[in-house]
Structures are given as C-alpha cells and as structure tokens.
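Welcome, and thanks for taking a look with me.

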Amino acid sequence: MSPFFECWFYYCLLLLFSLGVLGAPEYPRAAPEQVHLSYPGEPGSMTVTWTTWAPARSEVQFGMHLSGPLPFRAHGTASTFVDGGILRRKLYIHRVTLRKLLPGAQYGERVIGGQEGVYRCGSAQGWSRRFRFTALKKGVHWSPRLAVFGDMGADNARALPRLRRDTQQGMFDAVLHVGDFAYNMDQDNARVGDRFMRLIEPVAASLPYMTCPGNHEQRYNFSNYKARFSMPGDNEGLWYSWDLGPAHIISFSTEVYFFLHYGRHLVERQFRWLENDLQKANKNRVARPWIITMGHRPMYCSNADLDDCTRHESRVRKGLQGKLFGLEDLFHKYGVDLEFWAHEHSYERLWPIYNYQVFNGSLEKPYTNPRGPVHIITGSAGCEELLTPFTIKARPWSAMRVKEYGYTRMHILNGTHMHIQQVSDDQDGKIVDDFWIVRPLLGRMMYH
C-alpha cells in the first residue's frame, strides 16, 4: 500500500470511529464513568456501579478524607453488556459492594456509618474522581429523607439542577426514581443511556439511587435497565424490597401487565412475590410501621390523555381481564400506607382511596388515620415529552393537581408521622404541596 493510500485508509478509519459508525467507545477505554450507588438491602452496605469500555478490575478505595490516602479496599466483579441495537455496542458494568459500614465499626482509627466518607472506583487502568457518600444509618429509630420522582430524560431534565444542589447540601438519604429514564436508554445504540447515566452521576454517586422500570425501558426485554442498575434481590431489579428506618419500601414493575410478550407468567410471579413480601412486612410492622410502594403506571389519574389510568379500570388496579392479579385489593388488604407512581408528566395527590371511594380520616384532617392508601403521582421531573395536561374538572378523589416541573420530598419522621412536599422548578423551588400522613402504631394492617 502506498503511503498516500495508507494515510487515507487510517484517516477514514479515524473518521468512522469519531462519528460512532464503528461503535467506538469514549476514551480512555478503562476510565470509569456513569458511577452510581445503590443499597443492596444488607444493613451497613452500599453497592457502587460503574461502566468502562474495556475489561478492567473492579475496585473501590474508600476512607474519610477528600484528600490524602484512601486506606480501605473492596473488590467486585464486572459483567459484559451488549446492547440490542444494530451496532451491538459492548459495555463493561462493574459492581462492588462495600460492607460493614456500620456506626462504630472500626477502620483503622476511623469509623464510617452516619458519617460522611469518600470513595473512588476503577483500577490501575483508570480511576474515577472522588465522591462523597454517607452510609445509611442502621435500625429503625431515625428519620430518612428521600427525593422521589419519575420520568426524567437526558433532554429537558428540569428537576436535576435543583436535585444536585439539594444533594450537595445533604438534604437526602436516598433517591427513588419511579421509572422512565433517559428517553430512552436504548436509543442511538444505548448512547442516550450513557449520556443519562453521566448526567445523574453528581446525584447518584453520592446517594443510593433506587429504581423501578417504566414503559420507556422495555426495549430488548428491559435489558438496559437490568444491566445498568444494581437493585436488591434476585429479580434483576424488576421487583424488590428494602428497609429504611421505620419504613419498608417495595419497588415493582407495572410493565409486566402491558408487555405480555416477555412472559405472561411474570404477572402472577410478581403478584405472588408481592403478597409474600407484604405478609412478611406486616409481621414486622411493630418495628417498621410504614409500608411504601413505588411502581410506574398509576392506578388512578385525572390527566387528559388516553393512558391506562384515565380509563375506568386500569390493568395495574384490576389486573388482566379486569380480574387477575390486580394490585389495589392486595395493597388495601395488607394496609399499604403510601403508593408512589409516575408515568403522567404532572403531580397529583389523591385523597385516601379504595375502589374509587374516598376514605378520609376526617373532614378536618383527611390524612390523619386515613381509611385507605394514599396515592401520589410524581412524574414531572422533566423529559422532551413535556408536561401532561389535566382534565378540566378534577375527579372527586383528586386532592391536588400541579402541572409544573418538579419533584417530591418525603421525610419519614418516625413510625407515626410522615411529611411530603412537592417542589416546583417552574417557581424556583417553591413548595406547591405540603401535607402530613399520620397513622397509629398499632393496627396498621387493617383499614377501618
């Protein structure tokens, strides 16, 4: 080959890589990116997950100081993820679980647990920057604070700047992302997923970022969702539960009711798991009185669209054919306190409800000793699909509707009192909804 053609060949090859035609990864190939935390359900632990573009060791170094040596080490594993798109892009997903992060546990002369620590992840082939984190407190006698939202995309992620600031100020102990990520993680051969995971890193690398699948994750049997997030349990993050202070939190997939070609058996399998988990949670209800669920598509909503919840009988509420494995009866039977949903790009708070009937605690204090579960729809974090309008007339069970970008704050003070606020980004952080749920410690399973 002549020098001219050789140069031309390498120029064309370089151009193809730069355009992404050959699926070239970002460089350096083994440098960690898309770093995020999750809580694996084991007290005193935290899982660190990140991505590289070449095989590398999976190591986390951690300690108590932002500068200086990081004396502690943990090692994990890496798995290969091949996106289902035409380029078959290959990512290496690394997972390392830090353990024994308990209050009073000794690490040399330092302790971690309730105190702020610092970590970095990677290998000798490349390290991430240092991130701050706080190990979750142990036991039931503390007051967790959470950010809750769904439907946040890589474009128009309106709630994210405030979430970043609030996270940096130490306002939260964990994040609940109630489905629909990136729009969509599989788009552009999963590059949109990469961009979204980089975007949330300042929040997700400092707090456990707990998730559930939404309809926008469904491509290739939810493979991007399953690969990128590390949730507790052995159901690939589709459904799981975990304990946080005085609360038991259940995450599940509403999507099993809609994408039946991935397996109709998943509807029954998840239902049986939910029933078993709720039975266990009620046996432990003296210690952890609050039962909170998160699933993407709501049972009820008063939006002006043709989504499932705008029809009289939603699949999630009543089940397949309106009678098989519906969740409203199940959640009511086991005394679920609070149900978080998203999917609708708006915020809506319902009165305590069961079977379309309002069951307020009283006229003056509807959420004190409510006689049905409380539903919150919080899907206005921001995506390119914009906000969803409401019907002109609110339904009798709808207590508050906000068509503005924002996210929800939840403060679980103790076993009897929970404080919920909706933050508006359209109004520069103004609190546009603010209420308390109060339930007695005893008799929580039954609604009277």
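Predicted model: local features only at pLDDT ≥ 70, side-chain atom pairs only at ≥ 80, totals over all residues.

1. The backbone nitrogen in question belongs to Phe181, which the Glu217 side chain reaches at 2.8 Å. That side chain also reaches the backbone nitrogen of Asp180, at 2.9 Å. To find Glu217, look in the loop between strand E16 (209-212) and H4.

2. **The surroundings of Glu217.** Glu217 has a relative accessible area of 4%, so the residue counts as buried. Setting aside neighbours within four places in sequence, Glu217 is in contact with Gly179, Asp180, Phe181, Met185, Phe222 and Tyr225.

3. **An aromatic cluster.** Two of those contacts, Phe181 and Tyr225, turn up again in a single aromatic cluster, together with Phe196 and Phe229.

4. **Lys226 in helix H4.** Now move along to helix H4, residues 219-228, where Lys226 lies. Is Lys226 buried or exposed? Lys226 is buried, because its relative accessible area of 18% falls under the 20% cut-off. Its side chain reaches the backbone oxygen of Asn221 at 3.1 Å. Beyond the neighbours within four places in sequence, Lys226 is in contact with Arg95, Asn221, Glu236 and Leu238.

5. **The disulfide.** How many disulfides does a search of the whole structure find? The search finds one, formed by Cys301 and Cys309, with sulfur atoms 2.1 Å apart. The torsion about their S-S bond is about 85 degrees, which means the disulfide is right-handed. Both partners are buried: Cys301 has a relative accessible area of 2%, and Cys309 has 6%.

6. **Aromatic pairs.** A search of the whole structure finds 19 aromatic pairs. One of them joins Phe252 and Trp341 in an edge-to-face arrangement, with 5.9 Å from centre to centre and 85 degrees between the planes. This pair links distant parts of the chain, 89 residues apart: Phe252 is in the loop between strand E18 (247-251) and helix H5 (265-283), while Trp341 is in strand E22 (residues 338-341). Phe252 and Trp341 are both buried.

7. **Arginines over rings.** Two more places are worth a visit. Arg297 lies over the face of Phe258, at 3.7 Å from the ring centre. Arg444 lies over the face of Trp290, at 4.3 Å from the ring centre.

8. **An annotated region.** UniProt, in an unreviewed entry, lists residues 372-433 as "domain: Purple acid phosphatase C-terminal". What are the helix and strand percentages over residues 372-433? In the model this stretch is 0% helix and 47% strand, and its end C-alpha atoms are 20 Å apart.

Terms used:
Residues numbered from 1 in each chain as written. Heavy atoms only, no water. Disulfide = S-S within 2.5 Å. Buried < 20%, exposed > 50% of the residue type's maximum accessible area, 1.4 Å probe, protein only. UniProt positions renumbered as here; feature names shortened; annotations may be inferred. Helix = DSSP H or I, 4+ residues; strand = E, 2+ residues; numbered from the N terminus. Phe/Tyr/Trp six-rings, centres within 6.5 Å; stacked < 30°, edge-to-face > 60°. Lys NZ or Arg CZ within 6 Å of the ring centre and 35° of its normal. Polar contact = N/O pair within 3.5 Å; in protein donor to acceptor, adjacent residues only side chain to side chain. Contact = heavy atoms within 4.5 Å.
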